[in-house]
Structures are given as C-alpha cells and as structure tokens.
Amino acid sequence: MPEATFHFPRGFLWGTATASHQVEGNNTNNQWWKWEQEGHTSGRSGLACDWWGGRWREDFDRAAETGQNAHRLSVEWSRIQPSPDQWDESALEKYRAMLRGLRERNMTAMVTLHHFTDPLWLYERGGWEAAETPALFEKFVRKTVDALKEYCSLWCTINEPNVYALTGYATGDFPPGVKDIRRAVQVQAAMLRGHAAAYHAIHELQPEARVGYALHYRPMTAKTSWSPLDRLVRAMRYEGINMAFPSAISSGVLRSPVGKVAIPEARGKQDFVGLNYYSADTVSFNPANRKELFTRASFPKDADLSASGFIASIPEGLFDSLKWIVRTYPNTPILITENGIEDLDDHIRPRYLAQHIHQVWRGVNFNWPIKGYFHWSLVDNFEWERGWTQRFGLWSLDVETQKRIKRPSADLYAAICKENGLSSAMVRKYCPEVFDKLFPG
Ligand code: FCB
C-alpha cells in the first residue's frame with residue numbers, strides 16, 4: 001500500500017502546554033490553594049508534578065528527547081510578588097533557569113503571565129473586581145518580562161479569560177464561586193484592560209515581542225436546527241462564551257448579554273491568536289438552567305467521548321475554529337495554545353491526536369498562518385476543580401511516588417514532531433481504527 005505524509009511548514013512549533021499551579025506543587029499563596037483547602041476540588045494540588053522542586057528538568061528532557069521544539073509554561077504571580085510590596089528575586093531566578101533549560105534543549109519558550117491563579121493578597125482585595133487590578137497586573141508583567149526577556153519573546157498575557165470569568169463568576173465552579181453574570185462581565189472588562197496594559201508594557205520592554213492571549217473557543221450548533229428557540233439560545237451562548245474578548249479586540253467594545261463596555265485601548269492588541277480548542281457543543285433551550293441563561297450544552301449522540309464525558313472528540317471543530325479565526329483576523333499568525341483529551345488508559349488519545357493534527361494540516365494547506373501546536377499536556381497534572389480525576393498527560397503521573405510512565409501517545413507525538421508531519425504509517429501503527437477516515441481510498 002502506498003504511504004502518504006501530511007507535511008507541515010519548516011519551523012513549525014511542536015510542543016506541550018502546562019500551567020504553574022497545575023505542575024509546580026506547593027503553590028500555597030494563591031486563591032486556588034485556598035479553594036482546595038476549603039474542599040471545593042476533587043483532591044488537592046499538593047506537590048503536583050514537583051516542578052518547583054526541580055522535576056521540570058526531567059520533564060523538559062522528556063519533551064526534548066521526543067522531538068518537541070517548543071514549550072508553553074506559565075509563571076506564578078503569587079511567587080514573584082508574594083505580597084504587594086515585595087518581589088521575590090529568587091523566584092524570578094528559578095523561572096530564568098527553567099527558560100534557560102528550554103534554550104539549552106533547543107526549545108522555543110512561550111510564557112503565559114496569568115493562568116487562572118491570583119496571589120492571595122490580590123484575591124482578598126477583590127481580585128479582578130477591584131478597580132486597581134489591571135494596573136497591578138501591568139506592574140507584575142513589567143517586572144516579570146524584564147527579568148525573563150532574555151529567554152522569551154513569545155508572550156501570552158492571560159489564559160482563557162472567558163473561562164476564568166464565567167466559571168468563577170457565572171457558574172461558580174472556580175473561586176470565588178460567584179453566580180452573577182454582571183460580575184462575570186465586569187471581570188472580563190478588567191481582564192481586557194489588564195491585557196491591553198500588558199500588551200503595551202511588553203512591547204515597550206521588548207520591541208520584538210509577540211504578544212497575544214489564549215482564547216478558549218467552542219464551536220456550537222443548535223440542537224434542533226429548525227427550532228427558533230434553540231437557535232436563539234445557541235446564538236446567546238456563543239456570544240457569551242466565545243465572543244467577549246475577540247469582539248473587544250476587534251472593536252474596542254466588550255459586548256455582553258447585560259450591556260456594553262467601551263475599552264478602546266484593547267482594540268487591535270494582539271500579534272497572534274492563541275487558540276485553546278478541546279471540543280464543540282450542541283446547544284438547546286433549557287428553561288431550568290437559569291445560571292447558564294436557559295441554555296444547555298451537550299455532545300452529539302454517539303460522540304467519541306472521554307471517560308468522564310468531559311470532552312467529545314470532534315476534530316472538525318478544530319478546523320472550524322481555525323476558519324473562524326482566519327475570517328475574523330485575516331493575516332494574523334495563529335498558535336494552537338492547547339488541545340488534548342483526558343484519557344487515563346490512552347485508548348482515545350492516539351486517534352484524538354492524529355485526527356486533530358490532521359485538521360491543523362488541512363488549515364495549513366489553505367495557507368492559513370498556523371505557526372505551532374501545543375498539546376495539553378506533557379505529564380498528568382492538577383485539573384482545577386476536577387483535581388486528579390482527569391489525566392491529560394502524554395506521560396502518566398503517580399503523584400505519591402512522582403513516577404512518570406510514558407503513554408503510547410507520547411511515541412505517536414514524538415514521531416509527528418520528528419517527522420514534522422503525520423504519516424499513514426503512524427496512523428496504522430497507533431490508531432488503525434481511523435486509518436480509512438484519514439487516508440480514504
Ligand atoms: C483548559 C485550561 C488548562 C487545562 C485544560 C484541560 O481550559 O486552560 O489549564 O485545565 O483546560
């Protein structure tokens with residue numbers, strides 16, 4: 001049988017993504033640690049992957065040895081600024097060592113400056129609801145970028161501001177557990193201000209920097225396509241979840257179900273679009289679900305579901321997301337900053353990986369400016385309110401012993417990274433069940 005390969009452009013970034021609180025361990029000085037001690041999560045982050053204890057070295061070795069040429073990590077505000085009037089230079093030195101570690105392994109670094117966690121002192125002052133927070137964030141960004149710019153020029157200001165705001169202030173599953181759409185919108189407005197201020201500050205410190213944020217984007221379809229109600233609530237949910245940040249970046253105005261907020265300084269402030277894509281939703285009208293504005297999201301019947309039902313593998317959704325980006329922001333470079341699935345025994349992940357990377361390749365073939373792909377994640381890590389119940393790693397982790405075990409997906413991803421492409425032989429070896437879908441005829 002003839003062999004075929006889906007090739008990627010030279011210099012394409014292949015990596016994994018992580019976040020400080022999920023991997024470092026002992027992040028005792030942020031609001032998530034407190035939230036965990038209060039019993040809101042399935043287990044506690046504890047030692048996590050012990051990166052703060054130095055195990056980033058062995059994990060970076062794993063990444064480099066398996067052909068990854070990039071890594072996206074985040075820095076922990078509460079470590080760098082443990083109290084309002086104090087900077088911890090040794091914490092910054094540790095992050096410099098990590099970034100140097102990437103450079104020594106010939107890996108490009110991407111740094112996220114805010115990934116869901118806030119210092120406790122900030123949280124106690126009202127977090128992103130307090131008027132001074134965007135300015136405080138800018139101060140933290142200046143200090144951090146100045147210290148790290150020798151090793152990094154690719155910056156993600158804020159990870160998934162929509163998830164942070166809606167999960168913390170509308171559904172209440174993240175701290176502070178508030179259920180109030182108005183407050184969620186205020187938080188998004190503050191994050192937009194923080195993002196714009198950070199964008200400006202980073203460029204001042206490092207003219208060659210490329211700065212963006214990571215958007216959690218979910219394609220959505222109405223459950224019953226001819227139902228006006230389903231279509232209406234689908235449009236509302238789509239706007240509410242996906243569009244707040246993107247439309248404010250396009251127009252300088254944050255639109256929301258509860259009104260508009262002008263944030264002119266945010267307009268045009270991105271050098272690339274960071275896309276976090278996991279799955280796509282089917283949306284219907286649900287009069288009982290007030291907290292989600294009477295909408296209900298589900299997955300299509302017979303979807304390829306992860307064990308806990310958290311993610312359905314819908315690879316075309318990644319293509320649709322890329323297409324939406326290209327149409328919304330023509331000629332803007334795109335990075336897939338997260339994509340992955342929770343899968344303890346690695347039975348879905350190989351096909352999820354192959355099928356999603358195939359969709360990225362389809363986009364590349366249209367000459368869309370897709371520059372890299374970061375799989376979530378390198379090693380199993382602490383999954384927020386879901387704790388240790390969901391395992392997203394290419395390597396599994398035993399939290400007690402800190403032992404890592406390579407999953408078959410890590411070998412598949414290594415083959416892809418080393419080849420800079422996905423071949424029919426790889427699919428036949430790691431996920432033959434989708435061979436005919438990817439290589440028909
Ligand atoms: C994303 C988060 C990331 C991780 C994945 C599974 O929403 O950005 O930290 O938890 O989901």
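The model is predicted: local features need pLDDT of at least 70, side-chain atom pairs count only at pLDDT 80 or more, and totals for chains, interfaces and linings use all residues. Residues are numbered from 1 along each chain as its sequence is written, and side-chain values use heavy atoms, with hydrogens and water left out.

**Largest pocket**

- The volume of the largest pocket is about 1100 Å³. A pocket is an open set of points on a 1 Å grid over the protein atoms alone, with protein on both sides within 12 Å along at least five of seven lines. Its volume is the space filled by probe spheres set on the points, which are joined across faces, edges and corners.
- The lining of the largest pocket holds 47 residues. Lining residues have an atom within 4 Å of a point.
- Val 163, Thr 167, Arg 218, Arg 237 and Ile 241 lie nearest the centre of this pocket.
- Two or more lining residues come from each of helix 8 (161–169), helix 9 (181–205), helix 10 (228–251), strand 8 (253–256) and strand 12 (295–298). Helices (H or I, at least four residues) and strands (E, at least two) are DSSP runs, numbered from the N terminus.
- Helix 10 gives the most to this lining, with six residues.
- By class, the lining has 22 nonpolar, 12 polar and 13 charged residues. Ala, Val, Leu, Ile, Met, Phe, Trp, Tyr, Cys and Pro count as nonpolar, Asp, Glu, Lys and Arg as charged, and the others, Gly among them, as polar.

**Nonpolar surface patch**

- Leu 229, Leu 232, Met 236, Phe 285 and Phe 294 form a nonpolar patch on the surface. Together they have about 420 Å² of accessible area, from the Shrake-Rupley method with a 1.4 Å probe, where only the protein chains shown count as cover for residues.
- Patch residues have over 30% relative accessible area and no salt bridge, and nonpolar side chains (Val, Leu, Ile, Met, Phe, Trp, Tyr) are joined within 5 Å. A salt bridge is a side-chain nitrogen of Lys or Arg within 4 Å of a carboxyl oxygen of Asp or Glu.
- Helix 10 gives the most to the patch, with three residues.
- Met 236 is found in helix 10. Met 236 counts as partly exposed because its relative accessibility is 34%. Buried means under 20% relative accessible area, exposed over 50%, partly exposed in between (1.4 Å probe, protein chains only).

**Backbone features**

- The Pro 175 to Pro 176 peptide bond is cis, with omega near 10°. Pro 176 is found in the loop between helix 8 and helix 9.
- The Trp 376 to Ser 377 peptide bond is cis, with omega near 15°.
- Phe 294 is not a glycine, yet has a positive phi of about 65°. Phe 294 is partly exposed, at 32%.

Conventions
On a 1 Å grid over the protein atoms alone, a cavity is a set of points where a 1.4 Å probe fits but cannot get out, and a pocket is an open set with protein on both sides within 12 Å along at least five of seven lines; lining residues have an atom within 4 Å of a point. Patches are made of residues with over 30% relative accessible area and no salt bridge: like charges are joined within 9 Å, nonpolar side chains (Val, Leu, Ile, Met, Phe, Trp, Tyr) within 5 Å.
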